[in-house]
Amino acid sequence: MKHPLLAIALGSLVFLSACDKAEQTFTQDEIKTAETLRDNALNENVAYELLESLTTEIGPRMVGSENEKRSIAWAIDKFETLGFDKVYTEPVTVPRWLRGKAEASIISPYPQPMHITSLGHSVGTPDGGIEAEVIHFATLDDLKNAPEGAADGKIVFISNRMERAQNGSGYGKAVPARSTGAVEAAKKGAIAIIIRSIGTDNHRVPHTGMMRYADDVTRIPAAALSNPDADVMERQFERGKPVTVALNMENSFDGEFITQNVIGEITGSETPEEIVIIGGHLDSWDLGTGAIDDGAGVSITMAVGKMIADLPNAPRRTIRVIAFAAEEIGLFGGKAYMEQHRDNLDNLIIGAESDFGADRIYAFATNVREQALPAMAEIAAVLKPLGIEHTGNEAGGGPDISPLRAIGMPVANLYQDGTRYFDLHHTADDTLDKVDPEQLTQNVAAYVAFTYLMAQHQGKLSKIEATESQE
Ligand SMILES: [Zn+2]
């Protein structure tokens, strides 16, 4: 303690060292290795090759389908081939929903066929379909505010439009029409609901996605029109004449079954019981091939694991890459994972899921205790040359990570540019050709630097405040 300033500040130093003890930052060697991994990732093709394989050899991975089963075998095989030293699965119990055909056409005033898709978990129509007058609401709130019985015997149509935004914020505003519209419509007496797709494109492909029923409300069929079809519907309403639609949907349920979270690990060299979690979800909707949602996230994080497995020395902590099951139908894989691992929460150091497509990462955020922020700033500095800004400490971690965050696990987000994500999301257009290989490698570069540094980071991250009770 020779430095005069340090001597003067002795009192506060004692305080600081007591606080900071648990959180050290990185050595020069560690930063150098992270930078090398980052730069090498930009010349690697592994993530794209994985995504090409998944979308070509498996394709759509709807929960409960044969393809989903094959995708589990695919993930096990890839983890093993890529050099993960521990590969295993954990069970996830899920309902099996079976999509049947969905057809709609305008009967009057100007007959024409419509392009629609059933929303996930929707019931079908009565045999032979239904034919009814349509009642139009611009928003879900308009429907909620309508008088009792306003939609008696009618088909509700909600035409709210999703706004395009880099961070995808338009989704949260628009999606309640999809998730809860059927319940609100049934409360007003409706016999079915059709919505404008929750998406930002003008292609004639409808967007599917989850919807929910309430126990005490009649279950009515729910479907989404492609956006151009919703435009046609609105223009027919503008003519001032009653609009009648024929709707035929044939969905069904087939009990519960057990699927699997697939997990690959690079075992840590010093504190193997401490885990850094990254991953994506392996399931997808059935309309496209699940390239951006979320083959990309699985491929990015698998490629990260491979790069770290290839280092001459394993990192201090274990890296656990999780290909979550059954995200699309209600976070079943993420919730099951949390339940199965909540007793080990103290060893789950941090988690981050990639589930927002494959376009470039533009922002890095965390959700950690204040004393860990200096270390997060050092990670942000390594990410900065990739064009990634450090945007704060209110991250959610990603959908399948959110149940763990809710009980106190620290999380991070590497935010992808979502400007065009919702043009493709949950549609037949979610295919490999939409993925830009260069932007995909930038994702791997960011994730590998983050993951490696978190696996080297000395001292535990304290748990963050739980937002859900432990019961
Ligand atoms: Zn997803």
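Y171 is buried, with a relative accessible area of 18%, which falls under the 20% cut-off for that class. The structure is a predicted model. The domain assignment of the protein chain gives domain 1 (25-97 + 256-456) and domain 2 (100-250).

**Y171 and its surroundings**

- Helix α7, which covers residues 169-174, contains Y171.
- With residues up to four places away in sequence not counted, Y171 touches M162, R178, I198, F422, H425 and H426.
- With R178, there is a polar contact between the two side chains, at 3.0 Å.
- Q458 is 287 residues from Y171 in sequence, and the two C-alpha atoms are 38 Å apart in space.

**Domains**

- Domain 1 is assigned in two segments, 25-97 and 256-456, while domain 2 is given as 100-250.
- The centres of domain 1 and domain 2, taken over C-alpha atoms, are separated by 34 Å.
- Contacts between the domains involve 22 residues of domain 1 and 24 residues of domain 2.

**The open sheet**

- Eight strands make up an open sheet with mixed pairing, in the order β3-β2-β9-β5-β6-β7-β8-β4.
- At the edges are β3 (112-114) and β4 (116-118), each of which pairs on one side only.
- On average, neighbouring strands of this sheet are turned by 30° against each other, direction ignored.
- Strand β2 (residues 102-108) and strand β9 (residues 244-249) run antiparallel and are joined by six bridges.
- Within that pair, E103 has N248 in β9 as its bridge partner.

**Helices packed on the sheet**

- Helix α8 (residues 176-187) packs on the sheet and touches β6 (155-158), β7 (192-196) and β8 (222-225).
- The direction of α8 makes about 150° with that of β7.
- Helix α9 (residues 227-238) also packs on the sheet, where it touches β2, β3, β5 (130-137), β6, β7, β8 and β9.
- The direction of α9 makes about 135° with that of β3.
- The buried residues of α9 are N227, D229, A230, V232, M233, E234 and Q236.

**Strands β1, β10 and β12**

- Strand β1 (residues 86-98) and strand β10 (residues 252-266) run antiparallel, with twelve bridges joining them.
- Strand β10 is also joined to strand β12 (residues 317-324), by five bridges, and these two run antiparallel.
- I263 of β10 is the bridge partner of Y88, and I263 also stands opposite I322 in β12.

**S53**

- S53 is placed in helix α4 (residues 46-58).
- Is S53 buried or exposed? S53 is buried, because its relative accessible area is 4%, and the cut-off for buried is under 20%.
- Leaving aside neighbours within four places in sequence, the contacts of S53 are I58, W74 and K78.
- With W74, the side chain of S53 makes a polar contact to the side chain at 2.8 Å.

Terms used. Residues numbered from 1 in each chain as written. Predicted model: local features only at pLDDT ≥ 70, side-chain atom pairs only at ≥ 80, totals over all residues. Heavy atoms only, no water. Pairing = 2+ DSSP bridges. Helix = DSSP H or I, 4+ residues; strand = E, 2+ residues; numbered from the N terminus. Buried < 20%, exposed > 50% of the residue type's maximum accessible area, 1.4 Å probe, protein only. Polar contact = N/O pair within 3.5 Å; in protein donor to acceptor, adjacent residues only side chain to side chain. Contact = heavy atoms within 4.5 Å. Axes fitted to C-alpha atoms, helices over the stretch in contact; angles between N-to-C directions. Domains from an automatic or database assignment.
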